[in-house]
Amino acid sequence: MAVTPPEHENELSEMALEELDAACGLHFVEMKQITPWGDTYDAMAPSGREVEVERRYLWQNGVVGGAIVIEVEVRDPVLQTGAEARAVIGPDAR
């Protein structure tokens, strides 16, 4: 069984928060144009391990034109661990 070394224990959470910050960097008008949308890509964690990053833009409660839920998940498929971060952006944002 693989075990995450203590010095890298929080790196998936930190990566998820960094990715969420980047995902929230769009203006609301730009987010509306791509919602609903999501993608998954491979990335390298600071420790050098390969991880999967998934980013999703969804309408809150399925209401088109309302608030947008942004979800980011960072997964280590080898260790079967992961972390998620989430934000809700309203129409009055930026």
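Select Val 72 first: its bridge partner in S4 is Ala 85. Strands here are DSSP runs (E, at least two residues), helices likewise (H or I, at least four), numbered from the N terminus. This is a predicted model: local features need pLDDT of at least 70, side-chain atom pairs count only at pLDDT 80 or more, and totals for chains, interfaces and linings use all residues. Residues are numbered from 1 along each chain as its sequence is written, and side-chain values use heavy atoms, without hydrogens and water.

Now show S3 and S4 whole. They pair in the antiparallel sense over nine bridges (pairing takes at least two DSSP bridges). The two strands form a hairpin with four residues between them. In the turn, pick Gln 80: its phi is positive, about 55°.

Next, select 11–23, helix H1. Its 13 residues reach 18 Å from first C-alpha to last, close to the 18 Å expected at 1.5 Å a residue (1.5 Å times one less than the number of residues). Which residues of H1 are buried? Glu 11, Leu 12, Met 15, Ala 16, Glu 19, Leu 20 and Ala 23. Buried means under 20% relative accessible area (1.4 Å probe, protein chains only). An α-helix has 3.6 residues a turn, so residues three or four places apart point the same way. The buried residues of H1 pack against helix H2 and strands S1, S2, S3 and S4.

Last stop: Val 51. Its contacts (heavy atoms within 4.5 Å) beyond four places in sequence include Leu 12, Met 15, Tyr 41 and Val 74.

Methods: Buried means under 20% relative accessible area, exposed over 50%, partly exposed in between (1.4 Å probe, protein chains only).
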